[in-house]
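Me: Can you walk me through this one? I'd like the helices, the core and a pocket.

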Amino acid sequence: QTTIENENVLSDIAKNDKDFRVRLNALEMISNEDILADIAMNDTDSKIVSKAIEKISDESVLIGIVKNSKGPFRNEATQKINDQSVLIEIAKNDEDFVVRATSAQKISDESVLTDIAKTDENSYVRRAAVQKINDESVLTDIAMNDEDTYVRRAAVQKISDESVLDDVAINEERLTKVICDKCGSENMTVKSHKASNPDHSYCAWKIIDYICNDCGNIVSKPL
């Protein structure tokens, strides 16, 4: 059985040996999660860092990595955390928008997700939160009012109420100024909406058909 003294030697090898393969082999033999965390937070090789985080299972150690370090690997550690209170704290307060988004994707409380979707300054984080929300009244509000096109689209993908989609399409026309590609008119009216790929709705855009009131031309745009 490996002792802590042996693991300290292995730690020194994993941190300092000039041969990457030797370092990786030493790392594979380390089970002490505090040593693994130290390697994860201080090593400069992304493969070594990823392997160290992969071997850590103690959430308190993973949380320490996220809260007490600055490297890009913090997102990998966040992906392994399940404690909802910690994820909420990270999603609301972390300086790194990618880490906030990863946390949001693991949160189950829709009231928290709604707050993030409506208040986070970064559209990537807002979109991640929207993708976890099922309340159509909240989704409608976001689809109508968020300043970012892709956040609005993320909300639209989860709305099933046809009358709401009509309202959203009209609002989108106002926001984006749909122009007829035949005569140049802005006098457009929503004609219909449909999924771009109805057999794969999880990745389909909703497509809006607008009809030009001046020449009758149909213009299709993703909503």
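Predicted model: local features only at pLDDT ≥ 70, side-chain atom pairs only at ≥ 80, totals over all residues.

Me: Start with α8. Is it enclosed or open to the outside?
Reply: Helix α8 covers residues 97-104. Six of its eight residues are buried, so the rest of the structure largely encloses it.

Me: Which residues of α8 are buried?
Reply: Val-99, Arg-100, Ala-101, Thr-102, Ser-103 and Ala-104.

Me: And what covers them?
Reply: The cover includes α5 (59-68), α6 (74-78), α7, α9 (110-119) and α10 (123-130).

Me: What happens at the start of α8?
Reply: Asp-96 sits there with a side-chain oxygen within 2.8 Å of the backbone nitrogen of Val-98.

Me: What about the start of α10?
Reply: There, a side-chain oxygen of Asn-122 comes within 2.8 Å of the backbone nitrogen of Tyr-124.

Me: Which α10 residues are buried, and what do they pack against?
Reply: Val-125, Arg-126, Ala-128, Ala-129 and Val-130 are the buried ones. They pack against α8, α9, α11 (136-145) and α12 (149-156).

Me: On to the core. How many residues are in the largest nonpolar core?
Reply: 52. Leu-27, Ile-30, Ile-39, Ile-81, Val-130 and Ile-142 have the most contacts inside it.

Me: What does Val-130 touch?
Reply: Ala-117, Leu-139, Ile-142, Val-151, Ala-154, Ala-155 and Lys-158, with residues up to four places away in sequence not counted.

Me: What is in the second core?
Reply: That one is separate and has eight residues, including Cys-180, Ile-208, Cys-212 and Val-219.

Me: Now Leu-87. Where does it lie, and is it buried or exposed?
Reply: Leu-87 lies in helix α7, residues 84-93. Its relative accessible area is 0%, so it is buried.

Me: Which residues is Leu-87 in contact with?
Reply: Beyond four places in sequence, Leu-87 is in contact with Thr-78, Ile-81, Asn-82, Ser-103, Lys-106 and Ile-107. Ser-103 is also one of the buried residues of α8. For a distance, take Ser-108: it is 21 residues from Leu-87 along the chain, and their C-alpha atoms are 10.0 Å apart.

Me: Is Lys-47 buried or exposed?
Reply: Exposed, with a relative accessible area of 58%. Lys-47 is in helix α4, residues 46-54. Its C-alpha lies 17 Å from that of Glu-33, which is 14 residues away along the chain.

Me: Glu-33 starts α3. Which α3 residues are buried?
Reply: Glu-33, Ile-35, Leu-36, Ala-37, Ile-39 and Ala-40, in a helix that spans residues 33-42. Asn-32 caps the N-terminal end of α3, with a side-chain oxygen 3.0 Å from the backbone nitrogen of Asp-34.

Me: Last topic. What volume does the second largest pocket have?
Reply: About 150 Å³.

Me: Which residues line the second largest pocket?
Reply: Val-66, Lys-67, Ser-69, Lys-70, Gly-71, Pro-72, Arg-74, Asp-94, Glu-95 and Asp-96. By type, the lining has two nonpolar, two polar and six charged residues.

Notes: Residues numbered from 1 in each chain as written. Heavy atoms only, no water. 1 Å grid on protein atoms, 1.4 Å probe; cavity = no way out; pocket = protein on both sides within 12 Å on 5 of 7 lines; lining within 4 Å. Points joined across faces, edges and corners; volume = space filled by probe spheres on them. Nonpolar A, V, L, I, M, F, W, Y, C, P; charged D, E, K, R; others polar. Core = buried A, V, L, I, M, F, W, Y, C linked by side-chain atoms within 4.5 Å. Buried < 20%, exposed > 50% of the residue type's maximum accessible area, 1.4 Å probe, protein only. Contact = heavy atoms within 4.5 Å. Helix = DSSP H or I, 4+ residues; strand = E, 2+ residues; numbered from the N terminus. Polar contact = N/O pair within 3.5 Å; in protein donor to acceptor, adjacent residues only side chain to side chain.
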